[in-house]
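Please look at the sequence and the fold first.

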Amino acid sequence: TLFSDMRWLAVCAAPVAFAAAMRSKLFLNLRDVLSRGFQQLLINRWQPASQCMYIEPKSQRTFPLSEPRWCDKEDGQPLPLMLTPLRGITRHQITRDMRSLWRYSASFPLRCEEPISLGEGCTPLVKRQLAGRMVYFKCEWFNPTCSFKDRGTSVMLSLLRQQGIAEVLEDSSGNGGASVSCYAAAAGLKATIMAPSSTSPAKTVQMRAHGAAVELIPGSRQDTADAAVNAHGRNGGKLFYASHNWHPFFLQGTKTLAYEIWEDLGFRAPNNIIIPTGAGSNVIGCDIGFSELLNVGEISRLPRLFCTQPLQCSPIASD
């Protein structure tokens, strides 16, 4: 323990998130979820940004970052990509006069001359006592569209625009679509958001307000995801699937949560972090970020990462 009140930290997407997390009793250590193969890759293949590539973890196939890509294919089926591990940055490489997550841009896989930023990141870290313990709460609803997804969206769309992408497609029933539509508008990109037809209009109104084309897809949430995968390359090849669940650049944005917590705590890592999660982008992002900090010697050990999910929506806990 570094000191007594740094034992626990909770990342909150909403004010009630930590209390809900405590009640759910579905805590999972991330390192039980990640494959051993990719963990070994993290250990063995740290690289500078200039050598970073896309990688399909199962086959270890790699692809250059010079071409926009969101998946690999096997027998016509998409396979998720990661990036080959980056070395990370030290406290001396932080751009201290930049008040957004772009203060950590030296840790990103590509240099970005014109980032799409609305001031995302730098969210409050609030110290409170809960159940007899002193806990830090990371209040992610202070991001521009009130969601942590702005971290991933800012980096993902910035790097995709730099790769030449002008039209983006996202599938979402809420925060992801709102974030992508907002940042696309700020960047001058065309955005299409696919959402289940059962989605509440209160959720799609923000997407439409930012000028996105909203397409309602009959059926389940998975039907919407499948429709988005099939729509990639539409409009004469211009429409690019920029998914918060698929694109590895999105995780480069969520990893800044780790860098920010480390900096906020005086360049130290807490012992434990509880992260309410859906598909896991915040959890994986924190693992990437803290692993980079360990690699460059800025921390001496990794914090334990716990994800928590409600019983009725627990895709990670159910595996």
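Two strands pair if DSSP finds at least two bridges between them. Strands (E, at least two residues) are DSSP runs, numbered from the N terminus. This is a predicted model, in which local features need pLDDT of at least 70, side-chain atom pairs count only at pLDDT 80 or more, and totals for chains, interfaces and linings use all residues. Residues are numbered from 1 along each chain as its sequence is written, and side-chain values use heavy atoms, with hydrogens and water left out.

Strand β1 covers residues 8-12. Of its 5 residues, 4 are buried (under 20% relative accessible area; exposed is over 50%, partly exposed in between; 1.4 Å probe, protein chains only). The table lists pairings.

| Pair | Sense | Bridges |
|---|---|---|
| β1 and β9 (residues 133-139) | parallel | 5 bridges |
| β1 and β14 (residues 272-276) | parallel | 3 bridges |
| β3 (residues 53-56) and β4 | antiparallel | 4 bridges |

Cys 12 faces Cys 139 in β9. Trp 8 stands opposite Asn 272 in β14.

A 3-strand open sheet runs in the order β4-β3-β7, with antiparallel pairing. Its edges are β4 (61-64) and β7; each has a single partner strand, so one side of each lacks a neighbour in the sheet. Tyr 54 has Phe 63 in β4 as its bridge partner.

Leu 118 sits in the loop between β7 (82-83) and β8 (125-130). Leu 118 counts as partly exposed because its relative accessibility is 40%. Beyond its neighbours within four places in sequence, Leu 118 contacts (heavy atoms within 4.5 Å) Pro 144, Cys 182, Tyr 183 and Ala 186. Leu 118 and Asn 143 are 25 residues apart in sequence, and their C-alpha atoms are 8.7 Å apart.
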